[in-house]
Amino acid sequence: MAKIPVTFTHNGTDRAAFADPGQNLLEFLRRGLGDLSPKYGCGQGACGACTVTIDGQTQLACLVLAETVQGRDVRTAAGLADGATLDPLQEAFMDHFAAQCGYCTPGMLVSARALLDTNPTPTREEVIEAISGNLCRCTGYEPIIEAILSVAGRRATA
Amino acid sequence: MTRHTGRGFAAINYPIGMNLGGDPSQALVHSNPDGKFTVALSAIDLGQGMKSVTRQIAAETLGVPIADVYVDTADSDTGPHDMGSFASRGTHRMGNAVIEASLEARSVMLEAAAEELEVDAGDLVTDGQGNIHVRGAPSRSITTMAAAQAAQFKQGRTIAGRGIFLVPLSDVDPETGEMSPVTTFAHAALVVEVTVDDETGEVEVVDIQSAYEVGRALNPGLVEQQLRGGAWMGMSHAAWETTEPYYPARDHGPVDFNHYVMPGPGDLATHHISVLERPAEDGPYGGKGPGEMCANPVLPAVVNAVYDAVGVRIDALPVTPEKVLRGLQANGGARPRQAL
């Protein structure tokens, strides 16, 4: 089968690569571009480990056809840091012990970043809503909620 | 329909490690040409913080800055032997092995420093900042890096240490059945509050008050992280997670995360944690480790709270709405214990 050329923006950089017909965006990013930050969790859109943003909207990369990102702006957790300078959200996740095994963390960060980009001062309920599609098995969620709220400059009220 | 509130209590004595084959862990510690140290372990950090804690233990024992220690758990084929990361054994078993290995490496490091400073190694102390000096005479000093480099490039000395922690296998006395399967227990007690809906059978865990005795909390942030996440998992095991179908048959059971349901960020219980520190005699710097005990006591406490709320005694986990409703039906309705 013929490969499909895709040109798009990946974490702010123009990229051109070939996608296989039917290949999903998660495989395209991981195998095609070597961006291993989106994780394969369930492969059916239930766990959120592969969360990325496309034109600013959170999407599950495992459910998106790679060829459909033609001309669009794709961002992943790997694009959050600026060189050695971490995104304030990443700092907050460290400070609040918001990661254990780390498998959900990239998806959590992308969901949280997308929330804060559109709503810089979310309520606790809005934070919960924003990460409700991201499953975590280790933390019990509370440290993640606290980390996101700390970046938003609000104190958590549990 | 009424939502009933109930409170349940549970306590736990939790054995740290196990008895199989003495449950050994080994550690190897050596210095690198830059004077920093590598700790080789074969047990894996699953996110519980074992690398952080063993790094702290190694730095403390060696007497060097924590930034100068790297913990390598890369490969169980080539690393020293370990039984593994389970049984709440990590901090206790690996920590003790790391202390033993670090003590041996430290003594070689001090011998190397002593040769450079032309003093007796027994008179040397470390400041934890990367310096070794004569006790009471801080100006008679050498950096740990210089000592390591002298050992490696001048003296031909290997700054390294071996450690193992083993509790000899305890056999069962055939006459009395007596044995000593473990050397250390951790403890916890908690009170859980639930609400039970007597029309839908749904149980919601609304509050947890807990006290955990974990020996010395070697890294308090990591201890709290484990306790908070573990209690969430206990709550999930108690009232949410099951591969059993409600109706009508096994093949209608959950096969994915859409149906194997766990509490999400909107379903959390408030959880007040008290950590009681009673350093363990045979623990590394008194530590035992929270481990599996984070989750276990939540389950019986939830079951007891459901009994308190509606008088239904559940004896098979998890507490599903179906089991609650069947129990209510058998009892002829809710019988809140607090009303008795």
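Where in chain B is B:Phe86 found? B:Phe86 sits in the loop between strand 4 (69–72) and helix 2 (90–117) of chain B. Helices (H or I, at least four residues) and strands (E, at least two) are DSSP runs, numbered from the N terminus. The model is predicted: local features need pLDDT of at least 70, side-chain atom pairs count only at pLDDT 80 or more, and totals for chains, interfaces and linings use all residues. Residues are numbered from 1 along each chain as its sequence is written, chains are lettered from A and ligands numbered from 1 in the order in which they are written, and side-chain values use heavy atoms, without hydrogens and water.

B:Phe86 has 34% relative accessibility and counts as partly exposed. The cut-offs are under 20% relative accessible area for buried, over 50% for exposed, and partly exposed in between (1.4 Å probe, protein chains only). B:Arg89 lies over the face of B:Phe86, 5.7 Å from the ring centre. Such a charge has NZ of Lys or CZ of Arg within 6 Å of the ring centre and within 35 degrees of the ring normal. In chain B, B:Arg313 likewise lies over the face of B:Tyr307, at 4.3 Å from the ring centre.

Aromatic pairs were searched for over the whole structure, and 2 were found over all chains. Rings of Phe, Tyr and Trp (its six-membered ring) pair if their centres lie within 6.5 Å; planes under 30 degrees apart count as stacked, over 60 as edge-to-face and the rest as tilted. A:Phe8 and A:Phe28 have ring centres 5.7 Å apart and planes at 45°, so this pair is tilted. A:Phe8 belongs to strand 1 (residues 4–10) of chain A and A:Phe28 to helix 1 (residues 25–32) of chain A, so the pair ties together parts 20 residues apart in sequence. Both A:Phe8 and A:Phe28 are buried.

A:Tyr141 and B:Trp232 form an edge-to-face pair, 5.8 Å centre to centre with 80° between the planes. This pair crosses between chains. A:Tyr141 is in the loop between helix 4 (124–131) and helix 5 (142–151) of chain A, and B:Trp232 is in helix 4 (residues 220–239) of chain B. A:Tyr141 and B:Trp232 are both buried.

A:Cys50 is in no disulfide; its nearest cysteine sulfur, that of A:Cys62, is 3.9 Å away. A:Cys50 is buried, at 4% relative accessible area. For A:Cys138, the closest cysteine sulfur is in A:Cys101, 3.9 Å away and too far for a bond.

How values were computed
Disulfide = S-S within 2.5 Å.
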